[in-house]
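This report is for a reader who is new to the structure below.

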Amino acid sequence: MTSPQVPQRPAVQSLPAYVPGARADLGRAHKLSSNENPFPPLPSVRDAVARAAGALNRYPDMFATELVEALAAKHHVEAGSIVAGCGSVAVLGHVLQGFCDAGDEVVHAWRSFEAYPILVQLQGAVSVPVPLTVDGRHDLPAMAAAVTERTRVMLVCSPNNPTGPAIGHAELLELLAAVPERVLVVLDEAYVEFVRSEDPIDSEQVLAAHPNVVVLRTFSKAYGLAALRVGYAVTHPDLARAVRTASTPFGVNHLAQVAAMASLEAEGELAERVEAVVAERERVAERLRAQGWGLPESQANFVWLPTADRTVDLASAAARQGVLVRPFAGEGMRISIGEAAANDRVLELTRAWGGA
């Protein structure tokens with residue numbers, strides 16, 4: 001078959017494809033490449049999904065009404081402030097569709113979440129990356145200084161994926177004071193449940209005081225529902241209306257809505273699992289530093305190793321020995337916190353590699 005002659009958009013042709021974490025037979029390898037929750041869904045969540053499977057011939061509730069109302073109660077906002085979608089990355093795409101025209105600028109840290117420049121350029125906007133500090137943190141003053149008359153959106157990832165540091169509440173308030181109110185500030189809190197810093201962001205307080213802020217959350221990480229793809233935005237109702245207008249109809253499937261509701265009802269049990277992951281993160285980080293690795297202070301469910309030019313070779317070697325990590329060529333590797341046995345295997349490898 002000959003190649004089709006239909007021209008592609010230049011933005012699409014020039015974009016790198018999003019690279020997911022490596023997949024593996026989990027009976028043979030430790031998959032630590034996608035920041036997944038190592039625990040399976042709670043029995044109550046599995047049971048709820050099983051019961052809901054009998055209605056797969058019906059469309060889901062288009063606006064995820066029950067879930068939206070539960071999330072509004074959780075965040076102490078009106079239901080009109082919540083927009084649910086097919087994972088927080090899809091919701092971010094709808095945010096950009098709602099607020100960016102071709103040529104508008106979107107400021108974000110780099111390296112940060114890989115999907116940011118892809119989503120920005122697909123919208124026809126211009127990505128304005130601002131380098132991280134040497135310790136893997138957002139350079140907030142530099143991000144504020146990068147704002148121009150063309151800036152429409154600023155993306156703030158806290159904790160930052162893939163390096164791990166979280167932004168403090170006072171730091172965020174300083175940033176918001178420096179950024180014009182016409183700029184939409186998107187606070188991506190995909191890993192917020194794992195934060196144990198001294199000055200954690202109080203996003204409810206931020207939202208109440210700053211109507212130009214959108215907070216993104218997900219059920220994929222702490223809630224362990226990565227396979228079902230459900231996330232949401234919390235923002236001012238007027239902004240939420242624009243995001244909702246841009247959203248894909250029926251974007252949150254029925255099983256995802258049911259699983260998310262069941263997870264909200266079991267938050268106490270899930271919190272215990274999060275604490276277990278945090279404890280393992282601290283153990284792994286302490287051991288890595290004792291081995292001589294200089295790693296950023298992660299507040300997420302992963303750690304970052306600055307392996308520089310050795311990254312690809314070390315990640316390949318790890319895969320051959322049954323450990324899958326997420327390499328970023330020439331920079332470092334992100335290693336998810338898994339079960340204790342998987343983490344111990346990582347520590348064996350990193351000891352053999354030698355500290356950075």
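The text below covers the salt bridges and then the patch.

This is a predicted model, in which local features need pLDDT of at least 70 and side-chain atom pairs count only at pLDDT 80 or more, while totals for chains, interfaces and linings use all residues. Residues are numbered from 1 along each chain as its sequence is written, and side-chain values use heavy atoms, with hydrogens and water left out.

**Salt bridges**

Side chains of opposite charge can pair when their charged atoms come close. Here a salt bridge is a side-chain nitrogen of Lys or Arg within 4 Å of a carboxyl oxygen of Asp or Glu. By this rule the count comes to 15 salt bridges.

| Pair | N to O distance |
|---|---|
| R152 and D104 | 3.9 Å |
| R137 and E171 | 3.0 Å |
| R345 and E348 | 2.8 Å |

Helices (H or I, at least four residues) and strands (E, at least two) are DSSP runs, numbered from the N terminus. Exposure is given as relative accessible area: buried means under 20%, exposed over 50%, and partly exposed in between (1.4 Å probe, protein chains only).

R152 and D104 meet in a salt bridge. This pair links distant parts of the chain, 48 residues apart: R152 is in strand 5 (residues 151-157), and D104 is in the loop between helix 4 (88-99) and strand 3 (105-110). R152 is partly exposed, with a relative accessible area of 29%, whereas D104 is buried at 11%.

R137 forms a salt bridge with E171. R137 is partly exposed at 24%, and E171 is partly exposed at 30%.

R345 and E348 both lie in helix 13 (residues 340-353), 3 residues apart, about one turn of the helix. R345 has a relative accessible area of 22% and is partly exposed; E348, at 42%, is partly exposed.

Salt bridges also link E280, R283 and D344 in a network.

**Nonpolar patch**

Patches are made of residues with over 30% relative accessible area and no salt bridge, where like charges are joined within 9 Å and nonpolar side chains (Val, Leu, Ile, Met, Phe, Trp, Tyr) within 5 Å. Y59, M62, F63 and F250 form a nonpolar patch on the surface, with about 470 Å² of accessible area together. Accessible areas come from the Shrake-Rupley method with a 1.4 Å probe; for residues, only the protein chains shown count as cover. Among the patch residues, F63 is in the loop between helix 2 (43-52) and helix 3 (65-75).
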